[in-house]
Amino acid sequence: MTTRRDFVKSTVLAGLATGFSAKSYGKIIGSNDRVRVACVGFSDRFKSSHIPPFKQFQKEMNFEMVGLSDIWNRRRDEGKAFIDKALGSDVKLYRNNDELYASKSVDAVMLSTADFQHAIHTIEAVQAGCDCYTEKPLAETMDDNRAVLNAVKKSGKIVQIGSQRRSGENYFAAENFIKSGKFGPIVMVELVWNVNQPGRWRRPALTQDLKESDIDWKRFLINRPNDTFDPRKYLEYRLFWPYSSGIPGQWMSHQIDTVHWFSGLPHPRSAVANGGIYQWQDGRANADTMTVVFDYGPLDDMTKGFQVQFTSRFSNSAGETKELYYSNGGMINLDTNEISPTGGLGEREAKAMGMKANLLEKIKLSEVTKIETNANTGYDQLTTAHIKNWMDCIRSRKTPNAPIEAGYQHSIATIMANAAYRTGQRVTFDEKTQEVMTGGKVFKY
């Protein structure tokens, strides 16, 4: 039976050059050595969801927050004031990551910068010899996705992707039940993430205050095309491609990750999508409503597989979040944490067809773990367990619950969804080149 630490690496590297192997872990931090941690990007996510778990475990695990890197002078000052008060620290400030890593003063970083920066900032961290907690999405382009996967594997560093469902007891129970064979083959997955929040990802007051002289705009852009300074793209980046895919990277990345985890499949075989800006006409470039349909299954057997449907809207919250897995015998509802015979093949229907009924029994997965949908997910159980797992793995050097392969896989799916939405074409994935393909062409921007 699969346990939480028995993450089996899939064939995600098929087609990639295999002439590299992970280096040794290097220095193993002893139980008496203090782990020095820095914040990379003082964000709302870091403030509301990273600091509380870190505060809870820092003393018993001998961790200390020692630094903060942010390219905005205001965030540096606000971050220091907040962290010092919350943790009793005296963090040192750095204007950028070059300064941070040149100081040789940190062992690990907690990274919550802009979506499109996660991959590059993770590469910087591991190449500087640091373990890393990296928020999702891991990458928004396949160039960045391949680069960060290779860098992390070569470094041997501990990288936990911020897909906190992988540290949830109910999700472990669902994984075990599906992989035991008792559920039967998955035939359909329905994923829903709906909110009704006009201010979602908007920062109107801050955009009025931000001046180009306050930040390092060129450093913000990293490897994206040159662009003129725009405070909205800096502060509200989730609304603008190519700085974020929006819905796929922010929300779908969480739920599609469980599909890869439970099924053992590395990525979709194809994707189609539709959507638009139907409600919030505020100058954004990313959709406020989207539906994506994926085809999943064995890459070498198109006669087997299942469909995954993901829907999301910002204009009406009915339905909220749902994760529903179906087999011919019933369903797993990760909203109620129940396995049930709902919709399964019953005795009457089976008998009429000369078949054997295969209805599932009604079982509770575990105590309900609420999935937060607010703009700041807060001090939730899943994130707490996930950060604790990361800290444990820094000590033990064991593979964390959401390793780099998990981030690589969810990024393939989110990039495929984004490509399908932006091109209106059926999107596939080239195993040999590890590229997302639209109309026979590699999808870039």
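User: Leaving aside neighbours within four places in sequence, which residues is Phe-294 in contact with?
Analyst: In this predicted model, and with those sequence neighbours set aside, Phe-294 is in contact with Met-252, Ile-256, Pro-268, Ser-270, Ala-271, Phe-306, Gln-307, Val-308, Ala-413 and Ala-417.

User: And which residues have the most contacts inside the largest nonpolar core?
Analyst: Those are Phe-294, Tyr-325 and Ile-332, in a core that has 96 residues.

User: Where does the largest share of that core come from?
Analyst: Helix H13, spanning residues 404–423, gives the largest share, with 10 residues. Apart from this core lies another one of 25 residues, and Cys-39, Ile-51, Ala-108 and Trp-390 are among them.

User: Switching to helices: at what angle do H6 and H10 pack?
Analyst: Helix H6 (residues 169–179) and helix H10 (residues 247–263) pack at about 40°, their axes being 9 Å apart, and H6 is therefore oblique to H10. The crossing of the two is right-handed.

User: Which residues make that contact?
Analyst: From H6 the contact uses Tyr-171, Phe-172, Ala-174, Glu-175, Ile-178 and Lys-179, while H10 brings Thr-258, Trp-261 and Phe-262; by type, these residues are six nonpolar, one polar and two charged.

User: How do the axes of H1 and H12 cross?
Analyst: The axes of H1 (residues 44–61) and H12 (residues 381–396) cross at roughly 50° and come within 9 Å, so H1 is oblique to H12; this crossing of H1 and H12 is right-handed.

User: What kinds of residues are in the contact of H1 with H12?
Analyst: They divide into six nonpolar, six polar and four charged, including Phe-54 and Arg-45 of H1 and Ile-387 and Asp-392 of H12.

Methods: Residues numbered from 1 in each chain as written. Predicted model: local features only at pLDDT ≥ 70, side-chain atom pairs only at ≥ 80, totals over all residues. Heavy atoms only, no water. Axes fitted to C-alpha atoms, helices over the stretch in contact; angles between N-to-C directions. Helix = DSSP H or I, 4+ residues; strand = E, 2+ residues; numbered from the N terminus. Parallel < 35°, antiparallel > 145°, perpendicular 65-115°, else oblique. Left-handed = near helix turned anticlockwise from the far one by under 90°. Contact = heavy atoms within 4.5 Å. Nonpolar A, V, L, I, M, F, W, Y, C, P; charged D, E, K, R; others polar. Core = buried A, V, L, I, M, F, W, Y, C linked by side-chain atoms within 4.5 Å. Buried < 20%, exposed > 50% of the residue type's maximum accessible area, 1.4 Å probe, protein only.
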